[in-house]
Amino acid sequence: MDKPIQPKLLSRRRVVITSLVTAFIVVSATSIQVFSARFQTSGKTYNVSQNTLEFSTAHRTNFTHYLPLRGVVEPQDTVFIDAIDGGRVDALYVQEGERVTQGQPLLKLSNTDLQLRVLAREAEVSEQINDMHNTRLAVEQNQLALARDIIELDFAVLKLEKELARQQKLYEQALVPRRTVETLRDELNYQVTYRETVKQSQQKEALLQQQQLTQLSQSIATLQSNLKISQSSLNKLTIRAPRDGQLTFMNARIGESITPGERLGQVDLIDKFKISAHIDEFYIDQISMTHVAMMKVGQATVPLTVAKIFPGIENGRFKVDFHVQNHTELPALRLGQSLSLELNLSSENTLLVVDNGAFIQSTAGTWAFVVSPGGHSASRRQITLGRRNPAQVEVISGLNPNERLITSSYNRFADAEHLTLIP
């Protein structure tokens, strides 16, 4: 008969060991799952020293939305100086930076070709004027000849009338034949008719001659005006200051050739200033001509108004010009001087605000670490921020009055959900 086989001791130990390993694996997997679930719900927690953080308490106060700007003093008006005909620079009378008065000579050009053209134009105009004067003289002489013809015809008619009267008396006395009287009467009628025809012709010709004289006078005046323009071009070779002001730019050197239309310089009218500033393009739709800015000059604060908003954008910024409302109260300024401005974008309102800080760069204003009532910890919370100025930020939602939040940078712990604040 068969004998039962007894299991070896080593096999029993193997079973026990396998069971223990399996149990350990099950327990470890369960612990890992529990730990992972707990980690996912609670998030990372950092220990942070309070001395390295900045805090702010949400509170209601007067809030003004304004932009800090850096303005530059510029002249309110600038007059440019251009060369009209060009030429060679012969002399410079002033230097850049000097104050000039209207009409003051700045530099002198020489242009031989222009001088020759003007001389030739003067000769041509003078010849045309002489021809017109001769034509006018001929017209006037013709008018005098017609007037003389009328006088001679009047005299001839007068003689015939007297002779006809004498012959009529002699005919009545039968001393002369009838044919003599009839001949005189026919000749008188002819002379009278001829005189009337000449008078009508003279009136028409006088009218035409008067129109011709008027046209000649206008032509002479036009030629003389053209001659003055040609002569004035020579005078313009001496470049003069167009207005009183400061010569801030002069692009000319002695001996240099200047082309027609070339920019020679500019005169800044420094009796009035404007302030120019460049603003981030983000605010281009928020700024209008109704906004007011405040400028700090030393201890004084000067109000400014928006004068011009330039439409072009360069390097993400656009330019705005401000006018000083009252120049009499303006302290002494220099061109190119930089000044601090505050551009008000809204009126003063009572709002819930917190201090502006570096945390906005880390969160884009969508969340923040809010401190617990005891002040020992802080937790991430969704918030909504609105307008801001360099000192304050408007709180739209997510915070209540008297709640504290961390306003310093979150770069060290931006991935955390909770912070433990260590004294």
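I take a nonpolar core to be a set of buried Ala, Val, Leu, Ile, Met, Phe, Trp, Tyr and Cys residues joined through side-chain atoms within 4.5 Å. I note that the model is predicted.

**Entry: nonpolar cores**

I looked up the largest nonpolar core and found 25 residues in it. Within this core, Phe-369, Ile-406, Tyr-410, Phe-413 and Leu-419 touch the most other members. I then listed the elements that each supply at least two of its residues: the strands β16 (349-355), β17 (367-371), β20 (392-397), β21 (404-406) and β22 (418-422), together with helix α4 (359-363). The most comes from β17, with five residues.

I next asked which residues Tyr-410 touches, not counting those up to four places away in sequence. They are Phe-359, Ser-362, Thr-363, Trp-367, Ala-368 and Phe-369.

I recorded another core of 24 residues, lying apart from the largest one. Its members include Leu-69, Ala-277, Val-302 and Leu-345.

**Entry: largest pocket**

I read a volume of about 210 Å³ for the largest pocket. Its lining consists of His-65, Phe-282, Tyr-283, Gln-286, Ile-360, Ala-364, Gly-365, Leu-385, Gly-386, Arg-387, Arg-388 and Val-393. Sorted by class, I have six nonpolar, four polar and two charged residues in this lining. Strand β19 (residues 384-388) gives the most to the lining, with four residues.

Terms used:
Residues are numbered from 1 along each chain as its sequence is written. This is a predicted model: local features need pLDDT of at least 70, side-chain atom pairs count only at pLDDT 80 or more; totals for chains, interfaces and linings use all residues. Side-chain values use heavy atoms; hydrogens and water are left out. On a 1 Å grid over the protein atoms alone, a cavity is a set of points where a 1.4 Å probe fits but cannot get out, and a pocket is an open set with protein on both sides within 12 Å along at least five of seven lines; lining residues have an atom within 4 Å of a point. Grid points are joined across faces, edges and corners, and a volume is the space filled by probe spheres set on the points. Ala, Val, Leu, Ile, Met, Phe, Trp, Tyr, Cys and Pro count as nonpolar, Asp, Glu, Lys and Arg as charged, and the others, Gly among them, as polar. Buried means under 20% relative accessible area, exposed over 50%, partly exposed in between (1.4 Å probe, protein chains only). Contact means heavy atoms within 4.5 Å.
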